[in-house]
Amino acid sequence: MALIHILRPATCSVARISRRCLSTTPARFNEKALLEEEEAPVFSEDPDVDLRELNAVEKSFGNSEIRDRVRRLLREFRAPVQYAMAYGSGVFSQGKGTSSKPMIDLILGVSHTQHWHSLNLRQHRSHYSFLGSLGSGAVSYVQDNLGAGVYFNPYVDIQGTMVKYGVVNIDTLCRDLSEWDTLYLAGRLHKPCMILREPQQVSHSHRSNLLAAVRVALLLLPKSFTERQLYMTIAGISYLGDPRMSTFTENPHKVANIVDNNLTNFRLLYSHIIEQLPNLTFRHQNGWDAEPADTHLVQDMDPVRRGNMVCRLPKAFREHLYFQYQRKFQIPNLEFRKMVGLNEEAEMRHKKKGGEFEQRIGADVDNIRKEVATVIKRTVKWPSTTQSLKGVLTAGPVKSLQYLGEKMAKFRRSAK
């Protein structure tokens with residue numbers, strides 16, 4: 001099917017965002033730019049989806065006025081920023097529960113953590129808590145060694161705009177996107193985001209992350225489901241195990257608010273993957289012509305196909321799922337190592353086809369949702385918890401209490 005590219009004027013309804021509302025010209029990488037990007041890894045091929053043709057549609061997401069404003073905010077940082085992404089209710093609508101003037105959330109990817117904070121401390125000392133007085137070494141240590149590897153400065157006034165920006169090392173970001181070792185940033189990028197700067201190595205990892213989100217969602221879903229249910233499942237992955245969802249500090253309807261207010265963007269983000277996956281089909285011929293709530297999809301439950309899907313999950317996440325099933329199937333360690341002992345080079349030669357063990361996992365239809373959900377919760381819980389506790393150091397006690405109060409206020413509004 002044709003590759004969906006750029007959304008035309010906003011008059012197109014979600015139901016009509018198919019080929020009538022979208023350009024069919026596929027986007028391709030600039031070969032010269034790829035050669036010039038010395039640090040960019042070789043783009044690993046996926047047996048199912050041509051990742052090179054996944055559009056970076058996030059670059060067209062969001063209100064143009066907000067996009068211009070965020071670009072101006074980025075110019076206020078003299079320290080070099082290689083990657084920049086805006087997200088949250090300050091950029092994308094999340095319904096009536098959001099405040100009239102929400103804070104702009106930013107993630108800034110940098111190459112050298114301590115050097116970046118050294119430069120930023122000289123320019124923006126007021127952005128930091130008491131931790132900034134200990135110098136860039138202490139700041140970078142807290143960033144890289146506690147939580148999910150992100151250092152947040154909240155409630156920062158830049159050009160009259162309230163901003164919360166998180167700083168992350170590019171390597172940490174790429175590792176989470178490609179391996180799902182914490183799902184802290186990978187989960188945020190499962191939802192529509194406004195990408196403002198993106199080097200090639202992040203672009204590669206991000207596209208693999210989107211494909212992985214669809215595969216994990218399929219393991220969590222029944223044979224037949226709606227397009228909206230798919231997006232709800234994808235958007236909810238990173239909230240499984242998040243302590244904020246069980247401590248009255250997060251809107252319990254947040255996932256539904258994100259999806260229902262951004263269905264157009266979700267469809268743009270995932271349509272190419274949905275079209276290419278061989279184990280996913282439309283139930284009816286009208287395909288994209290229906291609204292997401294009425295667009296029904298059917299997945300192939302054949303153990304061989306599902307075993308292949310398991311084998312192609314992100315590395316860290318896949319290993320956790322394997323160990324989960326090793327205990328469930330009571331497989332001795334020596335036999336287990338033989339079953340899953342392929343290294344990455346061997347996996348590529350075998351085109352990441354699942355073996356007997358992966359097929360047993362794929363065939364466990366009655367329990368696989370529970371097992372996958374357990375792995376997600378364990379992946380998310382500790383990094384998310386420690387990242388929240390780290391906020392007391394990075395934001396300081398006053399701003400931390402302010403942030404907590406606002407989150408609790410959102411929870412109370414959502415309950416009315």
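Of the contacts in the chain with a separation of 6 or more, 72% are accounted for by residues 24 or more positions apart. The structure is a predicted model, and the chain comprises 416 residues, of which buried residues make up 55%. Its secondary structure comes to 17 helices and eight strands. The accessible surface of the chain was computed at about 19300 Å², and carbon and sulfur atoms contribute 51% of that surface.

In soluble globular proteins, nonpolar side chains tend to be buried together. In the present model, the largest nonpolar core contains 105 residues, and those with the most contacts inside it are Trp116, Tyr165 and Tyr270. Helix H7, formed by residues 200-220, gives the most to this core, with a contribution of eleven residues.

Strand E3, which spans residues 150-158, has eight of its nine residues buried and is therefore largely enclosed by the rest of the structure. Strand E3 pairs with strand E4 (residues 161-169) in the antiparallel sense, over seven bridges. Within this pairing, Val150 stands opposite Val168 in E4. Strands E3 and E4 form a hairpin in which two residues lie between the strands. Gln159, located in the turn, has a positive phi of about 55°.

Tyr165, one of the residues with the most contacts inside the largest nonpolar core, is located in strand E4. At 0% relative accessibility, Tyr165 counts as buried, because buried residues are those under 20%.

The structure holds 13 aromatic pairs. Phe77 lies in the loop between helix H2 (64-74) and strand E1 (83-87), whereas Tyr165 lies in strand E4, so the pair ties together parts that are 88 residues apart in sequence. Phe77 also counts as buried, at 7% relative accessibility.

A stacked arrangement is found for Phe266 and Tyr270, because their ring centres are 6.5 Å apart and their planes are at 15°, and planes under 30 degrees apart count as stacked. Both residues lie in helix H10 (residues 263-276), where Phe266 and Tyr270 are four residues apart, about one turn of the helix. Phe266 is buried, with a relative accessible area of 0%. Tyr270 is likewise buried, with a relative accessible area of 0%, and is one of the residues with the most contacts inside the largest nonpolar core. Elsewhere, ring pairs link Tyr322, Phe323, Tyr325, Phe329, Phe336 and Phe357 into a cluster.

Thr386 is found in helix H16, which covers residues 368-394. The side chain of Thr386 reaches the backbone oxygen of Pro383 at 3.2 Å. With a relative accessible area of 15%, Thr386 is buried.

How values were computed: Residues are numbered from 1 along each chain as its sequence is written. This is a predicted model: local features need pLDDT of at least 70, side-chain atom pairs count only at pLDDT 80 or more; totals for chains, interfaces and linings use all residues. Side-chain values use heavy atoms; hydrogens and water are left out. Buried means under 20% relative accessible area, exposed over 50%, partly exposed in between (1.4 Å probe, protein chains only). A polar contact is a pair of N or O atoms within 3.5 Å; within protein, one must be able to donate a hydrogen and the other to accept it, and residues adjacent in sequence count only if both atoms are side-chain atoms. Two strands pair if DSSP finds at least two bridges between them. A nonpolar core is a set of buried Ala, Val, Leu, Ile, Met, Phe, Trp, Tyr and Cys residues joined through side-chain atoms within 4.5 Å. Contact means heavy atoms within 4.5 Å. Accessible areas come from the Shrake-Rupley method with a 1.4 Å probe; for residues, only the protein chains shown count as cover. Rings of Phe, Tyr and Trp (its six-membered ring) pair if their centres lie within 6.5 Å; planes under 30 degrees apart count as stacked, over 60 as edge-to-face and the rest as tilted.
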